[in-house]
Amino acid sequence: MLASLLIVFREVIEAGLIIGIVLAATKGVPRRALFVAYGVIGGVLGACLVAAFAGEIKGLFQGSGQEFFNATVLLLAVCMLTWHNVWMAGHGREMAREMRQVGAAVASGERTLAALAIVVGVAVLREGSEVVLFLYGIASQPGTTTAGLLGGGVLGLAAGAGMSALMYYGLLAVPAHQLFRVTSGLITLLAAGMAGQAVLFVQQGGYLEVFTSTVWNTSWLLPEDTIIGRLLHTLVGYSDAPNGAQLIAYAGTILAITLLMRWEHRRHPRRAAVPAPAE
Amino acid sequence: MRMSVLGLAAALAIFAAGSALADGAIPLQLKDHKFTPAEIHVKANTPSIIALTNNDPTAEEFDSTALKVEKVVAGNSSGNVRLRPLSPGRYPFMGEYHSDTAQGIVVAE
């Protein structure tokens with residue numbers, strides 16, 4: 001039971017943190033819980049499908065199907081996170097101002113809800129398929145009691161949900177007028193980490209074999225398999241021994257998102273807080 | 001979900017002209033949730049490939065934070081684990097779903 005608890009928890013941490021960030025980033029947007037729920041349900045269904053067809057997926061691309069699948073869903077999440085951030089850079093200010101009113105600007109925040117629902121779905125899908133494979137594996141072993149297995153799984157899930165709540169309420173402690181800035185920053189780093197991870201998967205698939213050497217190694221300082229290392233890996237893409245291509249993807253993503261956000265910010269000229277003078 | 005299908009199609013288009021399986025892969029067997037050989041020697045600073053055969057009926061994930069590899073291999077199936085060029089040293093790995101018995105180490109020298 002403890003084994004299944006630990007594994008399930010380890011896998012759901014990532015999804016849990018991402019859901020917490022998404023919930024904080026969409027604070028005040030109507031129907032966000034519904035969209036997040038769609039993401040979770042879609043992710044769980046997808047995870048079962050991926051687990052069921054693990055053998056078939058692996059067989060694609062000369063045996064590298066699994067790596068490509070992982071890289072693709074990660075890059076999809078990077079695109080969605082980028083879109084959300086860029087959109088918020090244009091509309092965030094209005095939203096923050098009009099949040100307490102029931103205004104059209106707030107309702108239009110639902111546009112990126114769909115993108116964030118996909119991000120949640122991808123996170124649940126990726127981690128969930130491993131959980132499904134693992135639980136299926138022990139369930140099919142003789143001598144395992146289903147009750148213990150289920151108990152461990154449920155406790156692991158609950159711990160993951162607790163992680164979500166911690167992240168969410170932690171972020172809510174940020175003053176409201178700075179919340180968007182903080183979540184934007186977090187989402188940028190999250191996306192950069194995912195881009196780096198995607199590169200790693202592509203390399204594992206046997207492609208993009210450039211700059212594969214480790215650039216630095218900080219495993220003596222903070223190993224990635226400690227709890228803090230793992231959390232930082234999920235949140236900001238920490239790697240104790242990144243390779244060149246990974247670093248390029250990481251920096252490139254941060255640069256691209258920052259530039260796009262600036263550009264979008266300029267496209268939407270500041271609206272004065274006081275009513276504009278009559279023409 | 002349609003978007004992820006599109007993404008997958010895009011990845012397919014980009015990587016369709018990919019490389020085939022490399023020769024000289026190092027064989028690694030998994031049976032009763034134990035790796036044989038449990039110690040694998042590779043040349044330092046050179047990429048290498050481990051050809052993992054899972055002889056158990058259940059799936060296993062080859063997992064190593066030291067090697068930066070996560071690879072699920074379905075039951076009674078096999079898969080390639082690509083290792084980046086490693087500086088000399090010892091790099092432990094495990095089967096994540098049965099980490100009490102499925103342990104091994106890659107030695108780069």
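Student: How many bridges join strand β4 (residues 48–54) of chain B to β7(B), and do these strands run parallel or antiparallel?

Tutor: Strands are DSSP runs of E with at least two residues, and helices are runs of H or I with at least four, both numbered from the N terminus; two strands pair if DSSP finds at least two bridges between them. Here seven bridges join β4(B) to β7(B), and the two strands run antiparallel, with B:Ile49 standing opposite B:Arg82 of β7(B). This is a predicted model, in which local features need pLDDT of at least 70 and side-chain atom pairs count only at pLDDT 80 or more, while totals for chains, interfaces and linings use all residues. Residues are numbered from 1 along each chain as its sequence is written, and chains are lettered from A and ligands numbered from 1 in the order in which they are written.

Student: Is β7(B) mostly covered or mostly exposed?

Tutor: A residue is buried if 20 or more other C-beta atoms, placed from the backbone, lie within 10 Å of its own. In β7(B) five of the seven residues are buried, so defined, and the strand is mostly covered.

Student: What is the strand order in the open sheet of chain B, and which strands are at its edges?

Tutor: The order of this five-stranded sheet is β3-β9-β8-β5-β6, with mixed pairing. Its edge strands, each pairing on one side only, are β3 (39–42) and β6 (69–73) of chain B.

Student: How many residues does each chain give to the contact, and which element of chain B gives the most?

Tutor: Residues are in contact if their C-beta atoms, placed from the backbone, lie within 7 Å. Chain B gives 30 residues and chain A gives 33. On the side of chain B that touches chain A, the elements giving two or more residues are α1 (2–15), β6 and β7 (77–83), and α1(B) gives the most, with six residues.

Student: Which residues of helix α3 (residues 54–63) of chain A are buried, and where do they fall around its axis?

Tutor: The buried residues are A:Ala54, A:Ile57, A:Lys58 and A:Phe61. Seen down the axis of α3(A), they fall within an arc of 100° (taken from the directions from the helix axis to the C-beta atoms), so they line one face of the helix.

How values were computed:
Two residues are in contact if their C-beta atoms, placed from the backbone, lie within 7 Å. A residue is buried if 20 or more other C-beta atoms lie within 10 Å of its own, exposed if 12 or fewer, and partly exposed in between; C-beta atoms are placed from the backbone.
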